[in-house]
Amino acid sequence: IIKMTDLDLNGKRVLVREDLNVPVKDGKVTSDARILASIPTIKLALEKGAKLMITSHLGRPTEGEYNEEFSLQPIVNYLNDVLDVPVRLAKDYLDGIEVNAGEVVVLENVRFNKGEKKNDEALAKKMAALCDVYVMDAFGTAHRAQASTHGVGQFADVACAGPLLAAELDALGKAMDHPARPMVAIVGGSKVSTKLTVLESLSKIADQLVVGGGIANTFIAAAGGNVGKSLYEADLVDTAKALMSSASIPVATDVVVGKEFSETAVATTKSVADVVDDDMIFDLGPDSSAKLAEILKSAKTILWNGPVGVFEFDQFAEGTKVIAQAIAQSDAFSIAGGGDTLAAIDKFGIKDKVSYISTGGGAFLEFVEGKELPAVAMLEARAKG
Ligand code: 3PG
């Protein structure tokens, strides 16, 4: 694919699709990871002399109408604070807009445009007409074939990958396509059903597949353990059994249980054999966490998606903490993705110790599932001519 870093942008009208879909509360950005990840792209485009327009979605507003709740204004305010060039928001831009070199124009939430989500051709052409060069940099939205991530790139004079998208594809490719071995994948989260294709894909690639959270409960049940009142999926027990017979999936031997899902629930550590019918499993026990930490010690590639316990509650956070610390201490190439995983990384302060933190949620999972990301496929097709 063509890369923005290789192009001359001087004096050109450049439209960069970022994923600035960040949490906003009371008009303020509450997690800036995605914005920070896009800043090197913005700075590079400015250095290259581009007349720069940034486009993104925020949330899932009703299409075809303006809705202040989903305005990109808070993100514009944030960018104005961290960039030393003026940043302004443009509300009406589809029929053309004046942009000067040395400023950043953020186009209002792209999902206010009718036809964005269904990749409407007329809309995509209007967006393409705004620019000389279209830069797809929104890895987090690369799994969506929408007008601003896909169609626009088909009609723009030049379509290329931005530095963030390129870095994401490199890092994920390194972990998934040619992993240094042994490779350990950690998949946590609440349900097997939502991560089934991820588990199937990783069971074929990873040397060890560590499961955690509600997902692990279904595997404990598959191994014949009692999970009490824990969240688990009875209809997927056979699937879990099949996965366990085809791949190395260590199952917890001890767990931390509570009687109710609450911040004040009393935590009790016990062996899986001692779990009773009104117990709910909320974390890995210390022996199981220690064994996993040991596995992680010898890993050369670690892929992490999803916490292994209810880490938001301190009494059930230890398993996720042990895993986070083991990743931090490891010299393996480590890659982490997904919203909850990033929150855990923040909570345990290991941000600088992970080799690559992805900005993708759904896109990260689809890449790991081995699916083709439509925005990337579009860039590949354009590069072929
Ligand atoms: C995300 O947060 O995963 C991306 O920004 C995509 O958002 P969407 O699921 O609303 O398309």
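I began with the term: on a 1 Å grid over the protein atoms alone, I took a pocket to be an open set of points with protein on both sides within 12 Å along at least five of seven lines, and a cavity to be a set where a 1.4 Å probe fits but cannot get out, with lining residues having an atom within 4 Å of a point. For volumes, I joined grid points across faces, edges and corners and took the space filled by probe spheres set on the points.

I noted that this is a predicted model, in which local features need pLDDT of at least 70 and side-chain atom pairs count only at pLDDT 80 or more, while totals for chains, interfaces and linings use all residues. Residues are numbered from 1 along each chain as its sequence is written, and side-chain values use heavy atoms, with hydrogens and water left out.

**Ligand site**

I looked up where the ligand lies and found that it sits in the largest pocket, a placement that requires more than half of its atoms to lie within 2 Å of the grid points. Around the ligand I listed Asp-19, Asn-21, Arg-34, His-57, Arg-60, Arg-111, Gly-140, Thr-141, Arg-144 and Gly-362, each having a heavy atom within 4 Å of it. By class this shell holds five polar, five charged and no nonpolar residues; here Ala, Val, Leu, Ile, Met, Phe, Trp, Tyr, Cys and Pro count as nonpolar, Asp, Glu, Lys and Arg as charged, and the others, Gly among them, as polar.

I then checked polar contacts, which are pairs of N or O atoms within 3.5 Å. Oxygen atoms of the ligand lie 2.6 Å from a side-chain N or O atom of Arg-144, 2.7 Å from one of Arg-111 and 3.0 Å from a polar side-chain atom of Arg-34. Of the 310 Å² of accessible area that the ligand has on its own, the protein covers 86%, as computed by the Shrake-Rupley method with a 1.4 Å probe.

**Largest pocket**

I recorded a volume of about 840 Å³ for the largest pocket, which 37 residues line, with Ala-33, Arg-34, Leu-342, Ser-358 and Thr-359 nearest its centre. Two or more lining residues come from each of helix H1 (33-47), helix H5 (163-176), helix H11 (339-347) and strand E16 (356-357), where helices (H or I, at least four residues) and strands (E, at least two) are DSSP runs numbered from the N terminus. H1 gives the largest share, six residues, and the lining divides into 14 nonpolar, 15 polar and eight charged residues.

**Second largest pocket**

For the second largest pocket I noted about 580 Å³ of space and a lining of 33 residues, of which Gly-189, Ser-190, Gly-214, Pro-307 and Asp-340 lie nearest its centre. H7 gives the most to this lining, with five residues.

**Cavity**

I found one cavity of 30 Å³ or more, and its lining consists of Glu-18, Asp-19, Arg-34, Asp-137, Ala-138, Phe-139, Gly-140, Leu-164 and Thr-359.

**Backbone**

I kept in mind that most residues other than glycine have a negative phi, and most peptide bonds are trans. Arg-181 and Pro-182 are joined by a cis peptide bond with omega of about 5°, and Pro-182 is in the loop between H5 and strand E9 (183-187). Asp-26, although not a glycine, has a positive phi of about 50°, and I placed Asp-26 in the loop between strand E2 (24-25) and strand E3 (28-29).

Note on methods
Polar contact = N/O pair within 3.5 Å; in protein donor to acceptor, adjacent residues only side chain to side chain.
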